Amino acid sequence: MAMAMDHLAAVLVALALATLLLRLVLGWRRGGGACEPRLPPGSRGLPLVGETLEFFTASPTLELLPFFKRRLERYGPIFRTSLVGDDLVVSLDPEFSARVLQQEERAFQIWYPSSFMRVFGADNVITALGPLHRHIRALMLRLFGPESLRLALLRDVQRRARAELRSWLAQPDVEVRTATSMMIFGVTAKKLISHDDAASQGSLWKCFDACTRGLLSFPLCVPGTAFYQCMQGRKKVMKMLKQQLGERRNAAEREAVDFFDVVIDEMDRPGSEMSESIALDLLFLMLFASHETTSIGLTAILKFLTDNPKALQELAEEHESIQRRRADPDSEVTWEEYKSMEFTSHVLMGILFVGSQHCQNTTSCALIICFLHHVFRSYMKLLGWQISLR
């Protein structure tokens, strides 16, 4: 009798634990109890991992990721999910997203996944708020603002684009995404830290390429994973930047030639909030963002143009017309010519909007327009190339 009672008690305890576990799982998937504010429709997925595994499933596409497309069809443009241990509300509604951005630092606080912060650094500019953020942005505009674009960047990117396109002539096929990424990185690395990556066989670009591949991978930092390679790439870059910053700062004589000098002057300014860690994270982020968003945008444009022959033809006619009006057909694009490319600008903004707005700043758009001009001016006969998009 005693054994039967013990057995019954054990069964009841097991049932109670099973019921509690079931309630916890159901509560997790529902997103909380009745006392919490009303949330958009959606699911938190599995306990702990949420919907992370499905989100990180590889999906090479220039369109909306299948993860978001399925939820858009099921829940609408605003839904909730759980990724990498964080509960999120996702907005695919342009009007609501614009309102959120307008209310940043007021009704909404900027946030990025912890894995992003590990890649970009705890003291990067995207975590800075208020006056510090505006001041850092002003420093960045010294190098990538409209004035710098007109006086130097326009010329630099044309020369690099021309050299890059000539190098493609000897290749049977071109992986556009990689080739344009290396091209843009060569321009920005030279401008930011006076680094000639071509002379070092693209060693620095390879570190940032590893960061790109690992940024949106499952954040498991063990050897063999994409995220581990990403963090190793960051480690190598930061070691190089710290060494160069120290050498440049301790030099007996120094003249302003790149962004290193801008941040050093800011660090030495009395009362400045620019610490060494902020400066290094800023340099890392600028090197990453300045080439990555632009190369994605350029790849998207080439893909969408090949799917729209009418727009491609009109674009070619605009650039051929500019070339015919020149006294020297082989001269570089002038600031006035750049400003006159009306149809090119419309195509650029339209495609970037459709392609998830990969780059929206003036400098990125200018770099893309210059590249396209050299494609249409001298290399349209090479349309027989095989182009691989990833």
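A salt bridge is a side-chain nitrogen of Lys or Arg within 4 Å of a carboxyl oxygen of Asp or Glu. A search of the whole structure finds 14 of these salt bridges. The structure is a predicted model, in which local features need pLDDT of at least 70 and side-chain atom pairs count only at pLDDT 80 or more, while totals for chains, interfaces and linings use all residues. Residues are numbered from 1 along each chain as its sequence is written, and side-chain values use heavy atoms, with hydrogens and water left out.

**Overall make-up**

- The chain has 16 helices and four strands; these are DSSP runs numbered from the N terminus, with helices being H or I of at least four residues and strands being E of at least two.
- Of the chain's 390 residues, 43% count as buried, where buried means under 20% relative accessible area, exposed means over 50%, and partly exposed lies in between (1.4 Å probe, protein chains only).
- The chain exposes about 21800 Å², and carbon and sulfur atoms supply 58% of that area; accessible areas come from the Shrake-Rupley method with a 1.4 Å probe, and for residues only the protein chains shown count as cover.
- Among contacts (heavy atoms within 4.5 Å) between residues at least 6 apart in sequence, 64% join residues at least 24 apart.

**Nonpolar cores**

- A nonpolar core is a set of buried Ala, Val, Leu, Ile, Met, Phe, Trp, Tyr and Cys residues joined through side-chain atoms within 4.5 Å.
- The largest nonpolar core has 42 residues, and those with the most contacts inside it are Ile-193, Leu-241, Phe-259 and Phe-284.
- At least two residues of this core come from each of helix H5 (114-120), helix H6 (130-144), helix H8 (176-193), helix H9 (203-215), helix H10 (226-249), helix H11 (259-268) and helix H12 (276-306).
- H12 gives the most to this core, with ten residues.
- Apart from this core lies another, of eight residues, among them Phe-55, Phe-67, Leu-83 and Leu-88.
- Leaving aside neighbours within four places in sequence, Ile-193 is in contact with Leu-204, Met-240, Leu-241, Gln-244, Arg-248, Asp-258, Phe-260, Leu-283 and Leu-287.

**Salt bridges**

- Side chains of opposite charge can pair when their charged atoms come close.
- Glu-51 forms a salt bridge with Arg-71, with the closest N and O atoms 3.0 Å apart.
- This pair links distant parts of the chain, 20 residues apart: Glu-51 is in the loop between helix H1 (2-30) and helix H2 (52-55), and Arg-71 is in helix H3 (residues 66-75).
- Both Glu-51 and Arg-71 are buried.
- The side chains of Glu-332 and Arg-159 also meet in a salt bridge (3.1 Å, N to O).
- That pair links distant parts of the chain, 173 residues apart, with Glu-332 in the loop between H13 and H14 and Arg-159 in helix H7 (residues 146-168).
- Glu-332 counts as partly exposed because its relative accessibility is 24%, and Arg-159 counts as partly exposed because its value is 48%.
- Lys-303 and Asp-307 meet through their side chains in a salt bridge of 2.5 Å, N to O; Lys-303 has 30% relative accessibility and therefore counts as partly exposed.
- Salt bridges that share partners join Glu-51, Glu-54, Arg-70 and Arg-71 into one network.

- His-319 lies in helix H13 and is buried, because its relative accessible area is 0%.
- The side chains of His-319 and Thr-344 are joined by a polar contact of 2.9 Å; a polar contact is a pair of N or O atoms within 3.5 Å, where within protein one must be able to donate a hydrogen and the other to accept it, and residues adjacent in sequence count only if both atoms are side-chain atoms.
- His-319 and Glu-337 are 18 residues apart in sequence and 9.5 Å apart in space, C-alpha to C-alpha.
- Arg-325 is in the loop between helix H13 (309-324) and helix H14 (335-340), and counts as exposed because its relative accessibility is 58%.
- A polar contact of 2.8 Å joins the side chains of Arg-325 and Ser-321.

**Backbone at Ser-194**

- Ser-194, in the loop between H8 and H9, has a phi near 55°, a positive value in a residue other than glycine.
- Most residues other than glycine have a negative phi.
- Ser-194 counts as partly exposed, because its relative accessibility is 37%.
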